[in-house]
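Okay, everyone, thanks for coming. Let me put the structure up on the screen, and then I'll walk you through a few parts of it.

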Amino acid sequence: MADANERETIMAGMDVVGADGAKIGQVNDIQGDYIVVSKGLFFPTNFHVPRTAIATVSDQVHLNVTRHDALNQGWDARPADLLAADAGDDDEPRPSDVTTPLNVPLHEEELHASTREVERGRAQVKTVVTEHEEEFDLPVNEEHVLVQRETVSRDVEPGETVFTERTIEVPLRGEEVVIDKSVQVVEELEIDTEVVERTEHVTATARREDVQVYDEDGNLVAGSDVQSGNPAQ
């Protein structure tokens, strides 16, 4: 029988196996001195296994009885002490009746584009975005249908439906790959300016005033060779 410390490690979702190593189901809930075990998709009956039937607890809950014996102990009926406790809180749902929705966050990348002014004669430094493909292998779990046959010998219960064709739908769950991206700085650019001296040849036009002398008939007497301070002859 498992001690008190081992019992504290029992958590919902753990596999429950018999003393013969055969899987019985999974832990659905813990109620008082019982662990509630869901047998499976085909027979989703909850079994209330007493803690006294637990041998050891590791990553699985091991019972001290075989699978066959566990399924024929009458544990599929809710124990009397739990029924008495239920009578005082009929309006409150039992933990095994409460389902937790699965929240799958979906994410989307948002792109932002902006513009900037560029002046003529200035250098432009641009960053270019390129894409490349990366490949990696990721293990993905998925469920397959597993049907086990078990030989039993019992009489048909009154009112039990027999010789009727049935179609049982079994939901199969699986994992899908979700790609998450993060941006990291891998390199930095430092942009600066430097002063460079060079010699430039410049050509410009300069103006000046000259003297021209005419006689009384309007004839040119002297031009630009007239010396300052000498009257024209």
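Before I get to the sheet, a word on terms: I call two strands paired if DSSP finds at least two bridges between them. Strands are DSSP runs of E with at least two residues, helices are runs of H or I with at least four, and both are numbered from the N terminus.

Keep in mind that this is a predicted model, where local features need pLDDT of at least 70 and side-chain atom pairs count only at pLDDT 80 or more, while totals for chains, interfaces and linings use all residues. Residues are numbered from 1 along each chain as its sequence is written, and side-chain values use heavy atoms, with hydrogens and water left out.

So, the sheet. We have an open sheet of 6 strands with mixed pairing, in the order β4-β3-β2-β1-β6-β5. Its edge strands, β4 (46–50) and β5 (54–57), each pair on one side only. From one strand to the next, the twist averages 35°; the axes there are lines fitted to C-alpha atoms, for helices over the stretch in contact, and angles run from 0 to 180 degrees between N-to-C directions.

Look at the β5 end. β5 pairs with β6 (residues 60–63) in the antiparallel sense, over 3 bridges. Which residue of β6 is the bridge partner of V57? That's V61.

Buried or exposed? H48 counts as buried because its relative accessible area is 7%, and the cut-offs are under 20% for buried, over 50% for exposed and partly exposed in between, with a 1.4 Å probe and protein chains only. The side chains of H48 and R78 are joined by a polar contact of 3.1 Å. That term means a pair of N or O atoms within 3.5 Å; within protein, one must be able to donate a hydrogen and the other to accept it, and residues adjacent in sequence count only if both atoms are side-chain atoms.

On a 1 Å grid over the protein atoms alone, a cavity is a set of points where a 1.4 Å probe fits but cannot get out, and lining residues have an atom within 4 Å of a point. There's 1 cavity of 30 Å³ or more. The lining residues of the largest cavity are I24, V37, F47, V49, A70, L71 and W75. β4 and α2 (67–71) are the elements that give two or more residues to that lining.

That's my tour, thanks.

Terms used: On a 1 Å grid over the protein atoms alone, a cavity is a set of points where a 1.4 Å probe fits but cannot get out, and a pocket is an open set with protein on both sides within 12 Å along at least five of seven lines; lining residues have an atom within 4 Å of a point. Grid points are joined across faces, edges and corners, and a volume is the space filled by probe spheres set on the points.
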